[in-house]
Amino acid sequence: MESATHVIDLVTIEKRLWEEIVMLKKTLLAAVCSVAAFGLGVSQVAADEPIRIGSFLSASGPASFLGDPQRKTLRLYVDRINEEGGVLGRPLEFTYYDDHGASDQARTFARRLIARDRSHIIIGGSTTGATMAAVELIERLEVPFISLAGAVVVVEPVKKWVFKTPETDRMAAEQVFADMQRRGISRIGLISGTGGFGASGRQQSHAVAADYGIEIIEDETYAPDDTDMTPQLTRIRANPEVEAILNFDFGQAPAIVTRNYAALGIDRPLYQSHGVASESYLELAGAAAEGVRLPVSPILVADLLPDDDPQKAPTMAFRETYREAYGETPSAFAGYAYDALMLAVDAIERAGTTDPHAVRDALEQTTDFQGVTGTFNMSPEDHMGLDIETSFRMVEVRNGTWRLIEQD
Amino acid sequence: MFSDFLQFLVTGVTIGATYALVALGFSIIYNASHVINFAQGDFVMIGGMSAVFIIATGVPMPVALLIAVLFGGLVGILLYKGGIEPARDAGVIPLIIITVGAALFLRGVAQVVWGRSYHALPPFSGDEPIRFLGVVVMPQSLWVLGITVLIVAALGYFFTRTMLGKAILATSHNRDAAKLMGINTNMVLLVSFALAGLLGAVAGVIVAPITFTYYEVGVMLGLKGFVAAVLGGLGSFVGAIAGGVILGVTEAMMAGYISSDYKDAVAFVLILLILFFMPSGIFGKGGVERV
Amino acid sequence: MSDHKVDNNALAADNPTVSARPPAEALRELRRWRWQDLVFSARYGGFFVLLAAVLLAPLFLEGLYEFDLAILVFINASVAITLNLLVGYAGQISLGHAAFFGLGGYGTAILATRHDWPALAALLAGVLLVALVAFVIARPILRLKGHYLAMATLGLGMIIYLIITTETGLTGGPDGMSVAPMEVFGYLVFDELVWYWITGILLLLIYWLSVNVIESPVGRALRAVHGSEIAAINSGVNVTHYKTLVFVVSAMVAALMGGLFAFYSGFITPTSSDFMHSIEFVVMVVLGGMASVVGAVVGALLLTLLPQFLAAMADYKWLVYGLILMLVMIFMPKGLVPTVHGWIRRWLP
């Protein structure tokens with residue numbers, strides 16, 4: 001088994017090396033440089049036992065509330081898997097870089113993970129920007145990649161080596177509009193941030209609203225760093241035909257919107273996106289969040305799920321483990337990282353090797369994989385594989401905590 | 001609708017007051033040292049974050065806020081002693097880079113010590129909104145406005161009635177002449193940085209219940225404060241306050257009446273126009289370049 | 001230092017100090033200066049060191065990641081050198097240079113990707129677009145001085161950044177846009193090694209042109225502007241003309257590098273044009289040494305590599321990064337290269 005792995009590794013390495021040498025010959029210093037390339041070859045031949053999981057995350061910077069819990073999750077579970085004997089009898093080796101939410105850093109780190117750290121699989125890209133910046137490179141260098149970013153563009157159109165675990169913003173919009181439809185709401189005001197998440201969410205909301213008989217009659221935006229959205233909300237309030245408000249964004253801004261909404265005494269229901277699905281939103285928005293509805297990952301409401309729900313057990317286990325290690329309840333974003341790591345481990349085990357092509361194929365063949373975000377069924381046409389029913393639960397904030405909305 | 005207009009105005013003036021406090025910090029340091037202190041926004045962060053964590057240890061809120069503000073002043077002094085004083089003769093641009101380095105350093109320390117999460121301070125006196133004429137005002141907004149007015153009055157007194165304040169003003173007009181008059185210019189610089197730190201921390205403490213605080217909150221506030229300071233005329237105290245309020249109100253009106261998409265751009269277009277047609281800002285003193 | 005020698009003569013018609021002396025003595029003096037010039041001067045010494053470094057570096061670079069860093073260093077150094085012409089030599093600060101980088105990048109990317117323009121035409125169009133913007137804005141903006149100029153360039157940069165972020169339909173918005181690979185005469189430029197040579201040769205070219213500009217009448221005029229603008233005007237230097245020239249040229253180089261960066265990375269986001277990126281460019285110039293071409297290269301090298309070295313420190317990265325900036329500026333306010341240069345001169349006879 002071991003030697004087979006080595007042989008396959010060697011084949012791909014040789015392929016890459018050969019490509020490089022071909023390019024080298026086209027240059028003036030071909031002779032000189034092939035010496036360097038041989039040096040490179042020698043160092044790569046020394047590939048050894050551990051399975052290298054590489055990761056670049058926005059653990060600091062404006063998206064740190066995504067990347068920070070993801071880093072904690074990966075670190076925690078890599079250690080746990082190693083304590084239990086690793087994967088394929090080999091230990092996991094975890095390398096992680098903080099891209100600070102900067103896409104060019106993300107791209108450089110992706111290259112570092114592939115070329116220098118020789119990662120077998122890459123998990124990362126907390127934001128869509130960071131993910132997309134690395135995609136071209138990853139496609140070219142052919143390494144399996146599981147993104148933790150939300151937007152649809154990550155997997156549509158399907159890219160051969162790119163997978164993702166979070167629900168898409170389109171699914172979130174659909175879930176919100178479906179709930180509005182049930183309540184008989186048809187004309188709404190949309191308020192979104194101009195950051196990546198908000199802008200993409202706004203676009204998707206416009207794209208799917210009509211499918212649910214919803215018309216967006218007010219459309220306001222704010223900058224991600226804005227500290228008061230009262231003017232925008234005042235405008236929406238001034239339109240008497242608005243029956244509900246949807247705020248599509250993540251970070252601290254939705255909490256400010258929620259507070260402004262409550263202060264203005266707007267009597268029409270407020271919806272948020274899955275971007276605020278964390279305890280910190282409840283903490284920051286405080287009493288103002290009462291009655292707010294939003295779609296959330298099952299993790300946040302794991303204890304409320306009925307016992308026969310297939311997601312109850314894995315989500316509860318994840319929550320307990322995380323809470324034990326870090327003293328806080330994991331957010332949905334931590335769950336994306338958990339699912340990504342477990343999908344990677346599952347694929348490597350089924351492939352029986354770390355050969356990138358075999359692992360990629362195994363990932364694409366993932367069926368009925370029970371993650372904490374939902375049940376994954378990947379296919380050549382779908383590199384996310386979540387269905388809307390298991391991955392999103394509509395909740396309402398009541399008494400400072402989440403309550404499942406009975407759907408009947 | 002008139003009540004909408006009033007609502008935008010109230011929102012704008014509240015935001016503007018925080019910009020004004022940050023802008024004042026820029027102006028005080030600029031006057032004393034001709035340095036643009038890119039760490040000014042981070043004083044705001046220091047104030048807010050330290051208040052959050054001092055309250056968490058169980059210290060009563062008013063005491064905690066006071067300690068947080070004093071801590072801001074201390075950081076101002078440390079910045080001067082550790083970064084500016086040793087490089088006094090380095091010239092303006094290296095000094096600016098030093099403040100950029102200091103800003104990154106402060107954020108770096110804050111994220112290690114306090115983490116990267118957002119935090120909210122409790123409002124000083126409840127969060128039951130006050131309504132009149134169809135306008136909603138949060139009690140915290142009144143705190144922000146009241147404290148800003150108090151500080152402006154205190155600064156006015158300090159700079160016109162006290163020996164130290166007058167010395168600072170004199171130094172800002174002509175350092176060499178001030179030195180000849182026996183003013184300890186080193187002391188003046190130290191006090192200026194301490195003042196800027198205090199002002200920043202006050203801003204951080206009073207807005208944290210409205211805007212929340214985290215380790216990078218100073219980035220945007222610092223930039224807006226700088227814009228406000230230049231808008232009013234860098235170095236002018238009246239200008240800093242006017243610049244802050246103008247900026248805040250313009251933003252709110254843009255968001256309320258036109259569109260938020262280019263709300264932030266308006267401030268910069270305004271700046272360019274003012275600089276092109278009134279090169280020293282609305283309240284700036286016209287300068288003559290020495291040969 | 002040769003710089004000073006030229007500086008003193010900047011406004012003189014010829015070189016009276018040499019011609020006034022007996023020929024033999026003058027010749028000796030000339031030779032003595034030449035010797036030091038070769039060892040120390042930015043013009044020759046620096047260029048040949050850089051040439052050797054670019055040619056020999058592939059021997060020591062190990063794999064794609066190192067080549068990637070080298071390419072980023074070359075791109076940043078090219079921008080820093082021309083920004084240094086503006087900041088270090090002409091004394092005009094710019095806190096919005098990344099906007100030209102970003103505008104060039106987006107202009108090129110949009111034309112090449114959305115409108116299927118040939119790569120070189122798209123690059124050229126991106127550069128010309130920025131040249132036009134820079135030219136139009138140069139006159140009013142360069143009338144300003146010191147901090148007002150700083151604020152105006154910052155404002156201009158922010159406006160361009162906000163347009164790039166907001167015009168989602170055109171630019172892909174805050175998440176950025178993919179860029180089609182560069183195809184030149186039917187050949188797809190993909191490989192890191194090819195990019196290494198493209199950016200490396202461009203850097204050498206820009207370096208060579210810059211040192212020659214600095215020693216030319218234009219360079220002397222620029223330094224005169226830096227020393228005292230009013231004195232320069234009185235001596236008949238067409239100040240506005242030279243300031244505009246160097247502003248437009250440095251903007252164009254930034255745009256060219258932005259375009260190449262977009263092609264190279266296959267993706268571009270608004271962060272390429274944001275305020276922090278502008279600050280980074282200025283820091284490269286100041287940290288390396290203002291009015292030193294070698295300094296700009298060294299500054300770019302350090303600022304590009306530093307985050308990579310610090311990456312392993314994770315949480316402490318920014319703390320250490322800020323501290324290094326402060327310490328270098330406190331102890332070497334002139335920048336690394338001029339300071340070290342001074343040390344070497346003091347140690348050698």
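**Entry 1: a helix in chain B**

Which residues are buried in α11(B)? I started there, keeping in mind that this is a predicted model. I found B:K263, B:D264, B:A267, B:F268, B:I271, B:L272, B:I274 and B:L275 buried in α11(B). The helix runs over residues 263-277 of chain B and has 15 residues. I looked up its reach too: from first C-alpha to last α11(B) spans 22 Å, close to the 21 Å expected at 1.5 Å a residue.

Next I asked what covers the buried residues of α11(B). The cover includes α9 (217-232) and α10 (237-258) of chain B, and α8 of chain C is part of it as well. That sent me on to chain C.

**Entry 2: chain C and its helix pair**

I counted 17 helices and 4 strands in chain C. The chain has 349 residues, and 56% of them count as buried. Among its contacts with a separation of 6 or more, 77% are between residues 24 or more positions apart.

Here I looked at how α8 (residues 146-166) sits against α6 (residues 97-114), both of chain C. Their axes come within 8 Å and cross at roughly 30 degrees. Angles under 35 degrees count as roughly parallel, and α6(C) and α8(C) are therefore roughly parallel to each other. I noted the crossing of α6(C) and α8(C) as left-handed. On the α6(C) side the contact is made by C:A98, C:A99, C:G102, C:L103 and C:Y106. On the α8(C) side I listed C:L156, C:G157, C:I160, C:Y161 and C:I164. By type, the residues of this contact of α6(C) with α8(C) divide into 8 nonpolar, 2 polar and no charged.

**Entry 3: chain C and its neighbours**

How many residues of chain C are in contact with chain B? I found 33 residues of chain C, in contact with 37 residues of chain B. On the chain C side, α8, α12 (229-234), α14 (275-288) and α16 (317-331) each supply at least two residues. My friend from the last entry, α8(C), gives the most to this side, with 10 residues. The side of chain C that touches chain B has 26 nonpolar, 5 polar and 2 charged residues.

**Entry 4: chain A at a glance**

I found 14 helices and 14 strands in chain A. Of its 408 residues, 57% count as buried. For chain A, residues 24 or more positions apart account for 66% of the contacts with a separation of 6 or more.

Most residues other than glycine have a negative phi, and most peptide bonds are trans. I went looking for exceptions.

- A cis peptide bond joins A:E156 and A:P157, with omega about 0 degrees. A:P157 lies in the loop between β4 (145-147) and β5 (162-164) of chain A.
- A:N399 is not a glycine, yet has a positive phi of about 50 degrees. I placed A:N399 in the loop between β13 (393-398) and β14 (401-404) of chain A. Is it buried or exposed? A:N399 counts as exposed, because it has 7 C-beta neighbours inside 10 Å.
- C:D116 has a positive phi as well, near 55 degrees. C:D116 lies in the loop between α6 and α7 (119-142) of chain C. With 9 other C-beta atoms within 10 Å, C:D116 is exposed.

Key:
Residues numbered from 1 in each chain as written. Chains lettered and ligands numbered in written order. Predicted model: local features only at pLDDT ≥ 70, side-chain atom pairs only at ≥ 80, totals over all residues. Axes fitted to C-alpha atoms, helices over the stretch in contact; angles between N-to-C directions. Parallel < 35°, antiparallel > 145°, perpendicular 65-115°, else oblique. Left-handed = near helix turned anticlockwise from the far one by under 90°. Contact = placed C-beta atoms within 7 Å. Nonpolar A, V, L, I, M, F, W, Y, C, P; charged D, E, K, R; others polar. Buried ≥ 20, exposed ≤ 12 C-beta atoms within 10 Å, placed from the backbone. Expected span 1.5 Å × (residues − 1).
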